[in-house]
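Please look at the sequence and the model first.

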Amino acid sequence: MANGKNGKKTKSRRKKIIWIAVGVVVLLIILQSVVCKKKNPGIVVQTEKAVRRDITQLVSATGTINPVYQVAITPEVTGEIVELPVKEGERVKKNQLLIRIKPDSYTAQRDRVQANLKSAEAMLGIRKVEKDYVEANFKRTEELYRNSGNVSEQAMEKASSDLAASRSQLDAQKALVQQAQAALKEAVESLNKTAIYSPMAGTVSKLNVELGERVLGSGFSQGTHLMTVADLGKMEAIVDVDENDVVLVSIGDAASIDLDAFKNVVYKGIVTEIANSAKTTAAGTQEEVVNFAIKIALDDFDARVRPGMSCNADIEVETKDNVLAVPIQSVTARSDEEAEAQESTTRDGQDFGKARKKKQSKPKEVVFVVNDGAVTMKAVKIGISDNEFIEVTSGLKEGEEVVSGPYRTIATELQDKSKVKPETKKKNGKKKST
């Protein structure tokens, strides 16, 4: 009997110990959950209020700086450069000598053609004398044939034939003289082309040849690019704009241009020309890009700006004043299923989300509004944007606090009703938890 009582007491003690252990474990779990909640009160985010601002929509593009007026100099005759009085970077006046090509062969050609012309002109004089003699003989023969009858009809026909032949020979010689004159004009022109003069006042921005070098004329080919003369007092940016953005740009739009070579320097400009035809690269592939060239005349620049420098342009295509705006990173995209997740999962205790997921729809723009430590996802309609802010045309009220960062949190982590811990910035730039 004693052994039975002792066994019951032992079992009772074990049960008590087990229940005590279970209670301790449950208590530890509760304490851990409380501690975790204190340690992780929510997703840390930065916020900013929706306020009214002036927004200017920009179209950004890249390109190069080039003179508005520049001329590529190529020779029209072939030969050796015997005179090169200019250097790269030198300023030149209009009609100033730039290059002289060896003229010896062209001088000889002119002299030869000139001699041919003199010979043709001399022969023309002979033909005129012959024609006058034959014409006088024809008149005498004709008078005798009509008045006295002493001249036979055969003699009359011969005189008429001789006159016609003489006149034809005279006309042929006149043509030979004209041909020789044209050849002389061409030879003189070729000789004159051995000396190349500047077509405009400007600067030799590029020099590709040296004294003594042989160059090819552009008579039957492109010819040698000798140099480029440019007016560096008028510069423009030529940038490539995507086909989706070019429709927003108009002639006269203001633009800001910054050059890679100069830091913290921004030049102003005006759109002066928009290309009608596109420039397509990698056509027919997945990397195909269609751009349009746009010219922007620079209003203010200094002598440090040189042709060929890389530049970035921001073209102001539209401006709206006093519109409701939020930071551009505050707006993200969500599908209809995500935007209506709460409604679809709470209606009559049924899960309507699965049925909605079957329907494919276009994502909607949304923002996350902070209220009492949680966010509410709101669908919004947006308008124009600049580099920092985007216009909200509907779906948001002025003064509402929206999540503005981090970007990854907004894009992927936040959902409707997510707990958050807002973090604002102090005036000195340091972050402060709220």
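The model is a predicted one, in which local features need pLDDT of at least 70 and side-chain atom pairs count only at pLDDT 80 or more, while totals for chains, interfaces and linings use all residues. Residues are numbered from 1 along each chain as its sequence is written, and side-chain values use heavy atoms, with hydrogens and water left out.

**The chain as a whole**

The chain has eight helices and 24 strands, taken as DSSP runs (helices H or I with at least four residues, strands E with at least two) that are numbered from the N terminus. Of the 434 residues in the chain, 31% are buried, where buried means under 20% relative accessible area, exposed over 50%, and partly exposed in between, with a 1.4 Å probe and protein chains only. The accessible surface comes to about 27700 Å², and carbon and sulfur atoms hold 50% of that surface; such areas come from the Shrake-Rupley method with a 1.4 Å probe, and for residues only the protein chains shown count as cover. Among contacts (heavy atoms within 4.5 Å) with a separation of 6 or more, 75% are between residues 24 or more positions apart.

**Backbone geometry**

Which two residues does a cis peptide bond join? The bond lies between G405 and P406, with omega about -5 degrees, and P406 belongs to the loop between β22 (401-405) and α8 (407-413).

**Burial and contacts**

E391 is located in strand β21 (residues 389-394), and E391 counts as buried because its relative accessibility is 7%. Leaving aside residues up to four places away in sequence, E391 touches I55, K320, V323, L324, A325, K381, I382, G383 and I384.

T107, by contrast, counts as partly exposed at 24% relative accessibility, and its place is in helix α2 (residues 104-147). How far apart in space are T107 and A187, C-alpha to C-alpha? The distance is 8.0 Å, although T107 and A187 are 80 residues apart in sequence.
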